[in-house]
Amino acid sequence: MLSGDVYRQRVRAIMSNSSQNTSTSPEGRSFPWWPLLAVFALAVPAALFGVDKYGSGLSRRSMILVLSASLAGYAVAVNTIIRDKLGEHRRQTRLLVWLAAVLLYLGSVVLLWFNRPTPPLHGMPGVRDVAVAGFSAKGQHQKQLLENVSADFARVATGRIPGVTAVHSYAGQAKLPLAELQDKDRSDLESETSDFADQTNAEIVLAGVADIEDSGRTTLTPAFYIRADQIADAPELAGWYLSDDPIPVEGGLATATGRGQLTDEMTRRLGRLSEFVKALEVWRHGKPADARRILSGLLDPKTQDGFVTSDLVHLFRGHAAEQQASGSLGLTRTQLLEAARDDYRAIPPDSPAAWRATLSLQGNAYRRANVGPCKPDTVNARDLANVSKTLRVLAENKDPSLTELGRLKARLNLAQVESCRLRAKLTKDDTAVTQVAEKLRSARKMTGITELLADAEAIASLHANWKGNNKAAIKHIETAIENGSNSFELARWQTLLATYHLEDCNPTAAVEARNDAVKNFARAEEGRGVDPKIREQWQKTFKSDLQNPPGACRKQ
C-alpha cells in the first residue's frame with residue numbers, strides 16, 4: 001500500500017504528463033502557442049481597421065458580427081493556452097498571462113492605429129468642379145452641424161451655378177485646419193490645402209468661418225482657395241482669400257430657412273467666382289488680354305458681392321497686364337506696365353492682399369527701370385536700388401501672412417534685380433544671385449515651386465556667363481529649360497543657350513538651340529499674342545553672330 005506522500009507525487013506526475021501531452025504535436029514537438037497568440041493579437045485590430053476602410057457598405061449588424069468574431073477568436077486562443085499550458089500554475093500566474101495578452105492586443109491596436117491607411121479622397125473629373133472643404137466655428141459642439149450644412153449646400157448647389165460642373169462636400173474628410181482662416185499665420189492651412197486640391201483635382205476650393213451666437217444667429221464669412229497651377233506665371237498669388245462681406249443667417253444654421261438662405265446667397269456669389277476662375281483659365285492658356293477683359297467686367301459696381309473683392313481683381317488684372325507686357329515692345333510695353341502699376345496701387349495698405357501688391361509693385365518697378373540690356377546707360381540706377389531694398393525686406397520678412405511661395409518669389413526677384421545691377425556696374429555684391437538657385441532647390445516641394453526654380457536657374461545662368469563660366473551657364477540654362485513650361489520663356493532661354501554655344505565655338509549646337517527657340521516663339525506668338533518683332537530682332541542678331549563668330553572661334 002502506497003503512503004500518502006508517494007501517492008500524491010504519482011498523481012502530480014500523471015497530471016504533468018497529461019498537461020504536456022495536450023501541448024505537444026503528434027511528433028512530440030512543442031506547439032508554438034505564443035506566435036499563434038501574436039497572430040491573433042494583430043488579426044483583431046487588422047479586422048477592425050479593415051472594416052473601417054472597406055466596410056462602409058456593410059450594415060451595422062454585419063460590422064458588429066465581424067468584430068465580435070475576431071475578438072472572440074482571440075479570447076478563445078488565450079483561454080486555450082492558459083488552460084492547457086498553465087492549468088497547474090497559480091492563479092496569480094494565469095492572471096499575469098491574461099494581462100500580458102491584453103497588453104499585446106492593445107499594443108497592436110495602437111500600432112495599427114498610427115499606421116492605418118488614409119482613405120483616398122474622392123477625385124473630381126470635371127473642368128470646373130467645386131470642392132467644399134467645410135466650415136469652421138468656435139466650439140466642437142458645432143462641428144456636426146457645420147458638416148451637415150456643407151453637405152446640404154453641395155447637394156442643393158449642384159446644377160444651379162452657371163459654368164460649374166459639380167459641387168462635392170469633403171467636410172469631415174478633409175481635416176484641414178480651417179480655423180487658421182481667421183489668423184495671419186495660415187502656413188499649415190496653405191500647405192495642407194495645396195495637397196487637398198491636388199488630390200481632389202477641384203478647380204475651386206471653398207470654405208468659410210461661422211460666427212454662431214448663443215441665440216443661434218449666425219454670420220458666415222466665405223473663403224476660397226486659388227491653386228498655384230492656375231496661375232503658373234505668378235504662383236506666389238496662390239492661397240486662401242477671405243471675403244470682406246460676411247453672409248448673415250438670421251434664422252441660424254439649425255433651421256431649414258437659415259440653410260436655404262445661406263445656400264441661395266453662396267450660390268449667387270459662386271456664379272461670380274466662376275467667372276473669376278474662368279479668367280484664370282484663359283490666362284493660364286496664354287491669353288492674358290482676354291483674362292484682363294473678363295477681370296475688368298468683375299470690377300463693375302453692379303456685380304460686386306464681397307466674395308471676389310475689387311482688391312483681388314486689381315491684383316490679378318495687374319499681373320495679366322504684365323504678362324502681356326513681357327511679349328510686347330516699345331510704347332505698348334510701357335502702357336501695359338503702367339496699367340499694371342495702377343492696378344497694384346489701387347489696393348489699400350490695410351487690404352489682406354497688400355503684401356502681394358507690394359511684391360508685385362517691386363517686380364513692376366524693375367521692369368519699368370530696365371528698358372534694355374542691363375548696362376549703365378540703359379537702367380535707372382536709383383529705381384533699381386529702391387526695388388532691391390524693398391525686396392530684401394520682403395525676402396527676410398517673418399510676417400506669418402507672407403506665404404512661403406511669396407517669400408521665395410521675393411528672393412527670386414531680388415536675385416534678378418541684383419543680377420542686373422551687377423552687370424550695370426551698380427554693385428559688387430553677388431550673394432543674392434549666387435544663392436537663389438540653391439534656395440529654391442532646397443525648398444519644400446509644393447505646387448508652383450518648379451516655375452520659380454526654372455526662373456532661378458535662368459538668373460544663375462546669366463550670372464555665370466557674365467563671370468566667364470560658360471560651362472556653368474549652359475548647365476543652368478538647360479536646367480531652366482527642363483523645368484519651364486511657358487513657351488515664351490522657353491524661347492528666350494533657348495536664345496541664351498544658342499548664344500552660349502556660339503561663345504563656346506559650337507555652331508552646330510547653337511543652330512539646334514536656335515531652331516528650338518524659333519518653334520517656341522511661334523507657339524508664343526500664336527497662343528500668347530507675343531509680338532513677332534521680338535523673334536525677328538533676335539534672329540537677325542543671331543544670324544550676324546553666326547556669320548561673325550568670336551575671334552577665338554575664328555582662329556580654330
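A: Q182 is partly exposed, because its relative accessible area is 48%, where buried means under 20%, exposed means over 50% and partly exposed lies in between (1.4 Å probe, protein chains only). The model is a predicted one, in which local features need pLDDT of at least 70 and side-chain atom pairs count only at pLDDT 80 or more, while totals for chains, interfaces and linings use all residues. Residues are numbered from 1 along each chain as its sequence is written, and side-chain values use heavy atoms, with hydrogens and water left out.

Q182 sits in the loop between β2 (166-169) and α6 (187-200); such helices (H or I, at least four residues) and strands (E, at least two) are DSSP runs numbered from the N terminus. Although Q182 and S136 are 46 residues apart in sequence, their C-alpha atoms are 9.8 Å apart in space.

The disulfide also brings separated residues together. The structure holds one disulfide, meaning a pair of cysteine sulfur atoms within 2.5 Å, and this bond joins C374 to C420 with an S to S distance of 2.1 Å. The torsion about the S-S bond of C374 and C420 is about -105 degrees, and therefore the disulfide is left-handed. The pair links distant parts of the chain, with C374 in the loop between α11 (354-369) and α12 (381-395) and C420 in helix α13 (residues 404-423), 46 residues apart. Both C374 and C420 are buried.

E418 counts as buried because its relative accessible area is 3%, whereas R392, at 36%, is partly exposed. Elsewhere, salt bridges that share partners join D245, E265, R268 and R269 into one network.

The structure holds ten aromatic pairs, where rings of Phe, Tyr and Trp (its six-membered ring) pair if their centres lie within 6.5 Å, and planes under 30 degrees apart count as stacked, over 60 as edge-to-face and the rest as tilted. Y225 and W240 have ring centres 5.6 Å apart and planes at 55 degrees, so the pair is tilted; Y225 belongs to strand β4 (residues 218-226) and W240 to strand β5 (residues 239-242), 15 residues apart. Y241 and F316 form an edge-to-face pair, with 6.3 Å centre to centre and 65 degrees between the planes, and they link strand β5 to helix α9 (residues 310-326) across 75 residues. Y241 counts as buried at 8% relative accessibility, and F316 is buried with a relative accessible area of 0%. Together with F224, F276 and W283, Y241 and F316 form one aromatic cluster.

Definitions and conventions:
Salt bridge = Lys/Arg side-chain N within 4 Å of Asp/Glu carboxyl O.
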